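Here are a few notes to read alongside the structure.

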Amino acid sequence: MKGAFAWPFLRLYLLTLLYFSGNSILHVLIPLKGEALGASNTTIGIIMGAYLFTTMLFRPWAGGLIQRHGPIKVLRMILVVNGAALVMYAFTDLGGYFVARVLQGVCTAFFSMALQLGIIDALPDKNRSQGISMYSLCSYLPGLIGPLLAIGILQASQMNMFAVCMIAIAVLTGVVGYTAEMDRRPDDAKDVSQQPNQGTAMLQSVSQLVKNPHLFKCSVLMLSASVIFGAVTAFIPLYAAQLNSGSAAIYLMLQAAVVVATRFGLMKKIPSDGKWHSFFTMSTMLLLAIASLCVSLAAVAGAALLYAGAVLMGVAQALLYPTLTTYLSFVLPKEDRPTQIGLFIAMADLGISLGGIVMGPVADLSSYSTMYTLCAILGAAMILVAYARRSLTTEENVS
C-alpha cells in the first residue's frame, strides 16, 4: 500500500489509537465517579476541561518546537510523561485526577501536533486529507469500547481493573511510540537557525488569528463547534442517567461509531483542493445544530431522540475538523504553517474545555436540556460564519 496507507503511517495510526484509549475510559468514569463523590457540575466541568485547556495553552508552542527539533524526538520525550499521567489516574482520587488531566493535556499538545505535522510534511498534497482523516479516525476508535468498559468497571466496583487498564495503555503506547518513524519530504526541509525565536513567532501567529481571514474563519467555526463537543463529552454521562432508558455508554459508542464510519466512508469526499466549500461547511454546521437540539429535546421525547442526536453529532464531528485542517494546510504560509495550525487546533482545545468549564455552571443554574439548547443556538449561528460569497483560495491568501 502507498500514500496514507503505507506501513509507516499505519504504525502512526496504531499509536494514535493506543494513546487515546485512556481518554475513552476517563470521559465516562470521571463524571460518574465525581457525581458519586458529591461533586457539582461546575467541579466536574473544571476537571474535564483542565485537560484540553492545558493542551490549548501549550499547542502553539508545540508546533514551533516540533518544527525546530522534528516530530520523532519530541514524541519520544512526551510519551514518558504521558505514561506517568496514566499511572497517576490508577492510584489517585478526584483531586489527583485534576493534576493528571493537566499533565496529560501537556502531552496531548505535543503528541497530536507531532503526528499531524509529521503526516502533513510526509504525504503528497493529494493525500493530506486522507492522512489527517485517518489520524482523527483512530483517535475516535477507542470510543467504540472505552465507554462500555468504564461503565463495567464502575458497576463492578473493580478499580483494580481500572489500574491494570491504565498501566497497560501506558506501556503499549510507549513501546509503539518508540518504534515509530516519520520522514519529511525533501522540499519541506528548513534551516531552523534562520527562524525567529519561539516567543516572536508566537506573537506573530496570534496576530494572524485576526489578520488572516482563512485562519480567523476556521478558528471561529472550530471554537464554537468544540464548545458543543465539550459539553457532550463532559455531561452526557450525567444527562443520560436522567432519561428513561438512556445510556451514556450507548450514546458515546454510537457517536464514535458514526465518526469512524463517516471518516472511513467519506474520506475521499473531504475537500483537499485548497478551496473554501461554503455549502459543505454550512451543511456540517447545520447537522451540528440539529444534533444539539435533538439531545436537548431528549429530556421530553426520550432516549430515541438522544441517540438520533448521537448519529448527527458523529457525522458533523467526523467532517468538520479534517475539512478545516486540510484547508488551512493549503492556504497558510508554509514557513509559519506549523505554528499557525497549532494555534487553530488550540482553538479546538479551548472550545472543548469551555464546553465543560462554562457549560457546567449553566447546567447547575438551569438544566442539561437548557444547556444543550444553547449549544444548538450557537451551532445555528455558525452557519452564517461558514458562508462565503465566493471561493476562498490559496491564490487569494498569497496576494
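1. Is Asn212 buried or exposed? With a relative accessible area of 4%, Asn212 is buried, since anything under 20% counts as such. Please keep in mind throughout that this is a predicted model.

2. Staying with Asn212, you will find this residue in the loop between α9 (198–211) and α10 (213–240). A polar atom of the Asn212 side chain sits 2.9 Å from the backbone nitrogen of His214.

3. Now for the largest nonpolar core, which has 124 residues. Phe111, Tyr251, Leu306 and Tyr372 are those with the most contacts inside this core. Helix α10 gives the most to it, with 16 residues.

4. Phe111 deserves a look of its own. Setting aside neighbours within four places in sequence, Phe111 is in contact with Leu15, Thr16, Tyr19, Phe20, Leu75, Ile78, Leu79 and Tyr135.

5. Tyr135 also turns up among the contacts of Gln116, along with Tyr321, Thr325 and Ile345, again leaving aside neighbours within four places in sequence. Gln116 lies in helix α5 (residues 94–122) and is buried, at 5% relative accessible area. Its side chain makes a polar contact with the side chain of Tyr321 (2.4 Å). Gln116 and Thr325 are 209 residues apart along the chain, yet their C-alpha atoms are separated by 9.7 Å.

6. Next, a helix pair. The axes of α12 (residues 278–301) and α16 (residues 368–386) come within 8 Å and cross at roughly 170 degrees. Angles over 145 degrees count as roughly antiparallel, so that is how α12 runs relative to α16. Among the residues making the contact are Met282, Met285, Leu286 and Leu293 of α12, and Tyr372, Cys375, Met382 and Ile383 of α16. Tyr372 is the residue you met in the core, as one of those with the most contacts there.

7. Finally, have a look at Ala6, in the segment before α1 (7–19). Ala6 counts as buried because its relative accessibility is 16%, under the 20% cut-off. Ala6 and Tyr368 are 362 residues apart in sequence, and 44 Å apart in space from C-alpha to C-alpha.

Technical notes: Residues are numbered from 1 along each chain as its sequence is written. This is a predicted model: local features need pLDDT of at least 70, side-chain atom pairs count only at pLDDT 80 or more; totals for chains, interfaces and linings use all residues. Side-chain values use heavy atoms; hydrogens and water are left out. Helices (H or I, at least four residues) and strands (E, at least two) are DSSP runs, numbered from the N terminus. Buried means under 20% relative accessible area, exposed over 50%, partly exposed in between (1.4 Å probe, protein chains only). A polar contact is a pair of N or O atoms within 3.5 Å; within protein, one must be able to donate a hydrogen and the other to accept it, and residues adjacent in sequence count only if both atoms are side-chain atoms. A nonpolar core is a set of buried Ala, Val, Leu, Ile, Met, Phe, Trp, Tyr and Cys residues joined through side-chain atoms within 4.5 Å. Contact means heavy atoms within 4.5 Å. Axes are lines fitted to C-alpha atoms, for helices over the stretch in contact, and angles run from 0 to 180 degrees between N-to-C directions. Angles under 35 degrees count as roughly parallel, over 145 as roughly antiparallel, 65 to 115 as roughly perpendicular and the rest as oblique.
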